[in-house]
Amino acid sequence: MSVPKLLLIAAALFAGTAHALPKDPLHSGQWATMAALFLGEQVVFDERVRLLAPPEAEDSMNFPVLVDASRLAAEAGPIAEIVVFADYNPIPLVLKFQPGRAAPRLGFRLKLQQGTPIRAGARTADGVWHVGHIEVDAAGGGCTVASLAHGNEDWSSRLGEITGDLFEREQGARLRFRVMHPMDTGLADGIPVFRIEHIELSDVDGALARIEPYEPVSENPLFSLDLPQSAAVSLAGRDNNANTFSAEIRP
Amino acid sequence: MRALLGLLAAALATFAGSARADFDYQLEARELAAGVFVVEGSTEHFTFENGGNIVNIGFIVGDDGVLVIDTGPSRLYGEQLRALIERTTDKPIVRVINSHHHPDHFFGNQAFADLPIAALPQTIAAMQAEAGGFADNLYRIVGNAMFGTEVVMPGETLAAGDIRLGQRRIELIALSGHSVADLVLLDHPSGVLFASDMVYYQRAATTPHANPEDWLQSLDRLEGLDFDILVPGHGPLGDAAAIAQTRDYLQWLTAHLDAAAARGADMAELMYAPLPERFANLGAMPAEYMRSVTHLYPRYEERYLPQAAVAEVQ
């Protein structure tokens, strides 16, 4: 850290106001580390960033979460980026989502290693990270278990295969799609990290949204997004082994 | 961290030398008909407080011996069940049956390890495959009351058909759908049907290994049986209304999941869907519904996510 930056922080601390990390209501020992790793200097807890998920993980390999910052967006303006992390996961960073022209709302599933807070930070245009969270009870094992693909001989022939559909809504459409991919965490014996790095969504009007799933996202990830119009969506992605995949989902 | 605490607790217990937890399940035998008893459990999910006692266990006293139907969730439960049976009758226990492979129905086997324990062959295979995971999970949720519980497998296989307990004719009916194999017993002299987890009453059905279509077909067969009193696997004693309630819930659940998948509901959203009033107050709700969404929704989602067109790679 540079000296001027240190001075700045010291000044901020002295002033006793600006940019102090808010105290974690969940009392996680990891909170300060998580905020330093994944968020910026301006962090507030904000109920308008909502995480919808069950209180307990019935299946540690597939824990469903829907992150929804639409109320925040309605009141505080567009969301530039959403970052999801789980404090006590061996790999805490779950995913990054740039909603672009899609609603700031994303459904997906993740692997949990143990009970943990799951948090979503939504960054508004002023650079402030608005954080919502939940606390989840989990039996564990989700991150260190080999993906099911390794018990299945034909997984490589389906690698990158995309299934999905657009479901018309009163306004716009719900997009749901699944990409066949092991999403290996690198924590199971002898199986290196093998994950999707990013998926770009676009339509006739150009770029729509971008998802960066990290290791904790479940095998064969299934995403739910809400789009402004019910029109054909192009998906294009790549994984860390330079495999590319793409598809078009039509209404 | 949790694992570390568990190790510490185990080490302390060993060091203390007592190596024994005391958990009194306060089991009581209720006589439904001459010689036919039920030991009723709570309608909750597993908790630390209930020690895993969420299940209905039965025993039938014949002319020269006792048949035990399921053994409960832990070694301590099994021991207390055996003591209860021995207080209730002076006839010896001649056979123990496990209705299916879920842990609350056979983790008490340890207390009957010196006796013949029997189950359907598919049940035994499923126990072998899954008992370790069940044990980890129960230790985590139930804790203390699980102390010293080890899996004891049935040594005998059963087939559908009549068996005799002295003069009593007991019909074994092999079904499936709640799990890979579900055994139901009909005691002909009394008309008591031990429906195992084929039937839940005033308590939401659990579905971790369920095939709802098979389950509904099995309920058709149960409805065709001639019985007077029905002992569900979980919940208070009932009659045909208990079968109807289980059927109603499974039919609603499957139609609800299908409709949700057809409109593109996300799994997390679906977990918070309001339940119809007739199910909202069942025991273990809404947690059991949420668990069922985890178990069953993926197969409905598949139906509504067709293969996408492969786009040109730029």
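Figure 1. In chain B, 69% of the contacts with a separation of 6 or more join residues 24 or more positions apart; two residues are in contact if their C-beta atoms, placed from the backbone, lie within 7 Å. The model is predicted: local features need pLDDT of at least 70 and side-chain atom pairs count only at pLDDT 80 or more, while totals for chains, interfaces and linings use all residues. Residues are numbered from 1 along each chain as its sequence is written, and chains are lettered from A in the order in which they are written.

**Figure 2. Chain B as a whole.** Chain B has 9 helices and 12 strands, which are DSSP runs (helices H or I, at least four residues; strands E, at least two) numbered from the N terminus. Its radius of gyration is 21 Å, close to the 20 Å that the globule rule gives for 314 residues, so chain B is as compact as a globular protein of that length. The radius is taken over C-alpha atoms, and the rule is 2.2 Å times the number of residues to the power 0.38. Of the 314 residues of chain B, 46% count as buried, meaning that 20 or more other C-beta atoms lie within 10 Å of the residue's own C-beta, placed from the backbone.

**Figure 3. The largest nonpolar core.** This core has 145 residues, and those with the most contacts inside it are A:Ile82 and B:Val184. A nonpolar core is a set of buried Ala, Val, Leu, Ile, Met, Phe, Trp, Tyr and Cys residues joined through C-beta atoms within 7 Å. Helix 6 (residues 240–262) of chain B gives the largest share of the core, 8 residues. Not counting residues up to four places away in sequence, B:Val184 touches B:Ile173, B:Leu175 and B:Phe194, among others.

**Figure 4. Helix 2 of chain B.** Helix 2 (residues 75–88) has 14 residues. Among its buried residues are B:Leu76, B:Tyr77, B:Leu81 and B:Ile85. Strand 2 (36–39), strand 3 (57–61), strand 4 (66–69) and strand 5 (93–97) of chain B are included in what covers the buried residues of this helix.

**Figure 5. Helix 4 of chain B.** Helix 4 (residues 121–142) bends by about 55° at B:Glu130, the bend being the angle between axes fitted to the seven residues ending there and the seven starting there. Its buried residues are B:Thr123, B:Ile124, B:Met127, B:Leu138 and B:Val142. They pack against helix 3 (103–106), strand 6 (117–119) and strand 7 (156–157) of chain B. B:Gly143, with a positive phi near 70°, follows the helix.

How values were computed: Buried ≥ 20, exposed ≤ 12 C-beta atoms within 10 Å, placed from the backbone. Expected span 1.5 Å × (residues − 1).
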